[in-house]
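Student: I am new to this structure and would be grateful for a close look at a single part of it, followed by an account of its surroundings.

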Amino acid sequence: LVEIAPNCPNLRVLNANGCRRITDVGVLAIAECCQELTLLDIGGSREVTDAALMGISTGCPKLELLNLDQCGELSACGLRAVCGGCPRLRQISLCGWSITLREL
């Protein structure tokens, strides 16, 4: 992703579901370089943390759909950042999360 992102500034959809080697570094590169992104699917990326969500919240203002299924290193703090920083966000998939509504 680090190599691809700078060459794809108009990328709108990225489906990397099941790509388990994705890390914060790759997601941050996408968030920084691909500000036209409307759909991001990083489901199954177990090494992604709240740092990636913070980057998404500041770098992806057009994001509408986000899949975070089975992303085990995320917390309510990161989720709140994405919800606050992505005004067009209308759907988030969180299957496999262990966060309660109280934490949000």
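Student: Does Asn 67 count as buried or exposed, and what is its relative accessibility?

Tutor: The model is a predicted one. Asn 67 has a relative accessibility of 13%, and because residues under 20% are classed as buried, Asn 67 counts as buried. Asn 67 belongs to strand S3, which covers residues 65-67. Leaving aside residues up to four places away in sequence, Asn 67 is in contact with Asn 17, Leu 40, Asp 41, Ile 42, Gly 43 and Ser 93.

Cys 71 is placed in the loop between S3 and H3. With a relative accessibility of 4%, Cys 71 counts as buried. From Cys 71 to Cys 95 the C-alpha to C-alpha distance is 8.7 Å, and the two are 24 residues apart in sequence.

The cysteines deserve a further word. In general, a disulfide is a covalent bond between the sulfur atoms of two cysteines. In this model, a search of the whole structure finds 0 disulfides. Cys 34, for instance, is in no disulfide, and its nearest cysteine sulfur, that of Cys 33, lies 5.9 Å away. Cys 34 is buried, at 0% relative accessibility. Cys 86 is likewise in no disulfide; the nearest cysteine sulfur belongs to Cys 60 and is 6.2 Å away. Cys 86 has a relative accessibility of 1% and also counts as buried.

Helix H2 can be considered next. The buried residues of H2 are Asp 50, Ala 52, Leu 53, Gly 55, Ile 56, Ser 57 and Gly 59. These buried residues pack against helix H1 (24-33), strand S2 (39-41) and helix H3 (76-85).

In one of them, Arg 12 pairs with Glu 36, the closest N and O atoms being 3.9 Å apart. Arg 12 lies in the segment before strand S1 (13-15) and Glu 36 in the loop between H1 and S2, so this pair ties together parts that are 24 residues apart in sequence. Arg 12 is partly exposed, at 48% relative accessibility.

Glu 36 also forms a salt bridge with Lys 62, with the closest N and O atoms 2.8 Å apart. This pair links distant parts of the chain, for Glu 36 is in the loop between H1 and S2 while Lys 62 is in the loop between H2 and S3, 26 residues apart. Lys 62 counts as partly exposed, with a relative accessibility of 26%.

A further salt bridge joins Arg 90 to Glu 64, where the closest N and O atoms are 3.5 Å apart. Arg 90 is in the loop between H3 and strand S4 (91-93), and Glu 64 is in the loop between H2 and S3, so the pair ties together parts that are 26 residues apart in sequence. Arg 90 is exposed, with a relative accessible area of 61%, whereas Glu 64 counts as partly exposed at 25%. Through shared partners, salt bridges join Arg 12, Glu 36 and Lys 62 into one network.

Methods:
Residues are numbered from 1 along each chain as its sequence is written. This is a predicted model: local features need pLDDT of at least 70, side-chain atom pairs count only at pLDDT 80 or more; totals for chains, interfaces and linings use all residues. Side-chain values use heavy atoms; hydrogens and water are left out. Helices (H or I, at least four residues) and strands (E, at least two) are DSSP runs, numbered from the N terminus. Buried means under 20% relative accessible area, exposed over 50%, partly exposed in between (1.4 Å probe, protein chains only). Contact means heavy atoms within 4.5 Å. A salt bridge is a side-chain nitrogen of Lys or Arg within 4 Å of a carboxyl oxygen of Asp or Glu. A disulfide is a pair of cysteine sulfur atoms within 2.5 Å.
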